[in-house]
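The following report walks through selected contacts and elements of a single protein chain. Please keep the sequence and the structure in view while reading.

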Amino acid sequence: MTLSEEIPQAVSREALEPLLPVDHAWLRMDDPTNLMIINGVLVLAEPLGRDRVKELLRERLLSIERFRQRVVRRRGTPFWEIDPGFDLDEHLFESTLSAPGGDEELRREISDLMSRPFDPRRPLWSFHLFQKYRGGCVLLARLHHCIGDGMALLLVLLSLTDATHGPVMVPEVPEECRRNLFAGLFSKPPQGIEAARQLAERIMPDGIRLLQQTAQAFASMNPLATGIFSTGALARLVARPPDPKTLYKGPLGIPKRVAWSERIPVAEVKEIGKALGGTINDVLLSAMTGGLRRYMDRRGERAEGINFRAAMPVNLRPLERMAELGNQFGLIFLSLPVGAANAVERLRELRRRALALKRSAEPVVVYAILKLLGVVPLAVQKLVVKIFAAKTTAVMTNVPGPREVLYLAGKPIEEIFFWVPQSGRVSLGISIFSYAGHVRLGVGTDAGLVPDPEVIVQGFHEELDELRRRAGVAVGAPAEPEYAGRIG
């Protein structure tokens with residue numbers, strides 16, 4: 001059975017929930033060469049058994065109805081339906097990494113999985129438990145974009161965790177939500193919103209502040225002004241020329257590759273930004289841009305004078321509406337000054353461009369386009385996605401996560417990092433995520449175009465070292481963590 005086949009007429013309409021147009025758009029963007037799947041990694045410092053993970057998923061993840069639903073069609077219309085043959089064992093897999101169980105072995109396993117689509121007859125998600133990674137284990141979550149956007153799915157993952165060794169207990173919160181306060185955000189109707197907000201503001205204040213600020217900013221825009229700005233933003237989006245042809249653009253294949261950076265202290269990045277006149281976000285994006293330039297240099301491709309765009313998600317939904325799941329975000333298109341050879345000049349130019357986009361109506365326009373794509377014929381959607389993909393070289397997201405160590409089934413989570421999907425013909429995905437005072441970079445690429453993304457990561461570290469040197473910041477400089485990223 002495929003998603004294009006009809007479901008039995010005996011299924012009652014009451015048992016079905018229509019996909020929202022924007023979620024349908026993300027479902028239809030799936031392609032064997034570019035799957036719309038968000039991949040997130042939780043690194044645990046200690047081993048964790050499969051049975052305990054299964055129990056945790058049953059208790060918490062499956063309490064969210066969407067994760068027991070599959071996508072079916074009736075007369076061409078997509079619906080969510082409870083999977084009548086749901087089996088958790090078909091969504092949870094366990095394997096042991098080859099010796100010595102380090103980054104290279106984990107990278108091979110994840111790269112292989114990045115190319116595997118979900119079975120359309122079942123709910124579109126899976127978890128993979130890799131044993132014997134550096135003395136502990138890794139839990140990889142694979143979640144289809146049609147289920148939710150990056151911020152919603154991050155909070156779903158956080159609903160599996162605890163802020164302490166044991167569950168958080170708050171008397172005023174309903175019994176079914178006490179084990180984890182984030183779980184209440186996804187109940188219908190949402191439960192314990194204020195308690196969940198307080199927990200979120202404590203463990204990830206920067207992320208929640210940005211989530212609320214961006215959602216409120218667009219919600220409070222004057223409708224007339226929004227219409228005027230949106231018309232102008234749409235005209236600019238359509239009129240933009242395609243990105244230049246570089247080694248990052250070309251025909252895509254099925255095999256993918258992933259890499260990730262070493263841990264970088266957030267406090268150190270903040271000190272660099274303070275010395276050079278930029279935010280943490282500016283420093284990280286500038287170092288990433290420099291890493292892309294260095295990769296081009298190493299491959300013998302001229303980078304001088306080159307600019308290309310990164311599509312960056314912007315959240316448009318407040319915390320209290322997370323129960324809806326689905327996708328409610330727009331995009332801005334940041335032009336990266338790859339051609340700037342001087343690291344400090346690149347940082348300042350990138351900051352100037354980012355500030356110019358701060359009040360852009362682009363996110364609202366892109367969200368409206370995505371909703372429209374979910375109802376037009378598939379051929380029209382593919383054409384529009386192709387046009388916009390030509391104007392973009394990378395998808396880049398930067399999310400400030402929890403400041404303190406969290407626990408999964410009583411085991412400390414050592415690291416969190418992830419990879420975003422890239423729609424259309426876009427081959428490069430870059431994800432920046434902070435956790436427990438450190439930040440990690442994740443890079444996902446098409447193997448035919450960039451077979452060695454770890455070299456991009458190496459260039460990112462080299463650029464950060466250069467900015468550190470120019471700023472006169474010692475390694476490990478102490479400072480109070482503070483963030484200024486984009487959330488999607």
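## Charges over rings

R107 lies over the face of W260, at 5.9 Å from the ring centre; a charge is taken to sit over a ring if NZ of Lys or CZ of Arg is within 6 Å of the ring centre and within 35 degrees of the ring normal. Likewise, the charged end of R142 is placed over the ring of F118, 5.3 Å from its centre.

This is a predicted model, in which local features need pLDDT of at least 70 and side-chain atom pairs count only at pLDDT 80 or more, while totals for chains, interfaces and linings use all residues. Residues are numbered from 1 along each chain as its sequence is written, and side-chain values use heavy atoms, with hydrogens and water left out.

## Aromatic pairs

The structure holds 10 aromatic pairs, where rings of Phe, Tyr and Trp (its six-membered ring) pair if their centres lie within 6.5 Å, and planes under 30 degrees apart count as stacked, over 60 as edge-to-face and the rest as tilted. Among them, W125 and F127 form an edge-to-face pair, because their ring centres are 5.9 Å apart and their planes stand at 75°. W125 has a relative accessibility of 1% and counts as buried, and F127 is also buried, at 1%; buried means under 20% relative accessible area, exposed over 50%, and partly exposed in between (1.4 Å probe, protein chains only). Ring pairs join W125 and F127 with F67 and F86 into a cluster.

The rings of F418 and F433 are edge-to-face as well, with centres 5.7 Å apart and planes at 85°. This pair links distant parts of the chain, since F418 lies in strand β14 (residues 411-419) and F433 in strand β15 (residues 428-435), 15 residues apart; helices (H or I, at least four residues) and strands (E, at least two) are DSSP runs, numbered from the N terminus. Both F418 and F433 are buried.

## Salt bridges

Side chains of opposite charge can pair when their charged atoms come close. The count comes to 33 salt bridges, each being a side-chain nitrogen of Lys or Arg within 4 Å of a carboxyl oxygen of Asp or Glu. The side chains of R298 and E462 meet in one of these, at 2.8 Å from N to O, and the pair connects distant parts of the chain, with R298 in helix α9 (residues 280-298) and E462 in helix α13 (residues 453-471), 164 residues apart. R298 is partly exposed at 42% relative accessible area, and E462 is partly exposed at 23%. A network of salt bridges links R298 and E462 with R294, R346 and E463.

Other salt bridges lie within a helix. R352 and E349 meet at 2.6 Å, N to O, and both belong to helix α10 (residues 343-356), three residues apart, about one turn of the helix. In helix α2 (residues 50-59), R52 and E55 are likewise three residues apart, and their closest N and O atoms are 3.6 Å apart.

## A sheet and a covered helix

An open sheet of three strands has the order β1-β4-β3, with antiparallel pairing; two strands pair if DSSP finds at least two bridges between them. Because β1 (16-18) and β3 (69-74) stand at the edges with a single partner strand each, one side of each is left without a neighbour in the sheet. Strand β1 pairs with β4 (residues 77-82) over three bridges, and the bridge partner of E17 in β4 is W80.

Helix α4 (residues 150-158) is mostly covered, with eight of its nine residues buried, including M151, A152 and L153.
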